[in-house]
Number of protein chains: 2
Amino acid sequence: MKISEVSKKYDIPVDTLRYYEKAGLLPNVKKNSSGIRDYSETDCNWVEFIKCMRGAGLPIEVLKKYIKLFYEGDSTLTERKQILIDERQKLILKRDAIQSTIERLNYKINSYEETIAVREKELLRQDKS
Amino acid sequence: MKISEVSKKYDIPVDTLRYYEKAGLLPNVKKNSSGIRDYSETDCNWVEFIKCMRGAGLPIEVLKKYIKLFYEGDSTLTERKQILIDERQKLILKRDAIQSTIERLNYKINSYEETIAVREKELLRQDKS
DNA sequence: TCTTGACTTAAAGTTAACTTCAAGTTGTAT
DNA sequence: ATACAACTTGAAGTTAACTTTAAGTCAAGA
């Protein structure tokens, strides 16, 4: 798979894909004799994984570390697991912060609706008098 | 209230408080005759609001717009409400993306646990033989 | 063969949100 | 009075994650 196809498939700019590779997130993308990238299925799965994790805000550095350990083999299993546990915990906190902000916004939006309703009634009363 | 007290109360660096003010998020902080800031209760409430919204990732620019409109009075009520609705929607999407990433991590962590358990059993069997 | 569009690189530029720095002023305790 | 911590400003520096630019190479169609 060429970079432009991967780009389309996962909706990630080609520049970003090359950037990820340079940053160490895709250490195994092969190139043909003329230097053009050919993404394997495994590469694509990594791209999809990276997209998901980045979408939740995991830093490049963390993903880099994780992927590096992955390619080091089974001796890094527990370390990799710990990274995922740590990041999951951060996501839980982040999700909860967002959730309570959503609830605060719900409350505020309701207040706005009430205030606006009152203002409209007042205008109506003025029209009639 | 002095800036250092506000900083302590809300756990926000003084530099960040001054930065917020410069960015237009705290347009009403008064200064005494020698130029030292004196935060009113209203200022503090804005600080708390900003902290909450920033904690969920709302951009400075959005908060700046909202606060500007607030100080323009009742004629901006519906526009302010719309900003909150838009930002709430973004937060909902963000929360859901994080939630599905958490679930994916749950699954992966479970897989790691199983894999590690198998590895440990294998080691044990080797020890015995 | 020539053009065109996709590919390559390294390096510089951008954006958001701080964070630090330099240089000076003020308030309080001894 | 003097030290010293906290305050002030404007400007420069930092970090993460892209994004753009410049300058070139490669492959396929007219």
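Modeller: Gladly! Let's begin with a general idea: a polar contact is a pair of N or O atoms within 3.5 Å. Keep in mind that this is a predicted model. Here, a side-chain N or O atom of B:Lys31 sits 2.4 Å from a phosphate oxygen of DNA strand D.

Biologist: Which elements give two or more residues to the surface near DNA strand D?

Modeller: They are α2 (14-22) of chain A, along with α1 (3-10) and α2 (14-22) of chain B. The most comes from α2(A), with 4 residues.

Biologist: What distances to a phosphate oxygen of DNA strand D do the side chains of A:Ser34 and A:Arg54 have?

Modeller: For A:Ser34, a polar side-chain atom is 2.7 Å away. For A:Arg54, an N or O atom of the side chain is 2.8 Å away.

Biologist: Now the domains. How many residues of domain 1 of chain A are in contact with domain 2 of chain A?

Modeller: In general, contact means heavy atoms within 4.5 Å. In this case 10 residues of domain 1 of chain A touch 9 residues of domain 2 of chain A. A:Leu58, A:Tyr66 and A:Leu69 supply 50% of the area that domain 1 buries against domain 2, more than any other three residues.

Biologist: How many salt bridges are counted between domain 1 and domain 2 of chain A?

Modeller: The count is 1. A:Lys65 forms a salt bridge with A:Glu79, and their closest N and O atoms are 3.4 Å apart.

Note on methods. Residues numbered from 1 in each chain as written. Chains lettered and ligands numbered in written order. Predicted model: local features only at pLDDT ≥ 70, side-chain atom pairs only at ≥ 80, totals over all residues. Heavy atoms only, no water. Buried area = accessible area lost by both parts, 1.4 Å probe. Salt bridge = Lys/Arg side-chain N within 4 Å of Asp/Glu carboxyl O. Polar contact = N/O pair within 3.5 Å; in protein donor to acceptor, adjacent residues only side chain to side chain.
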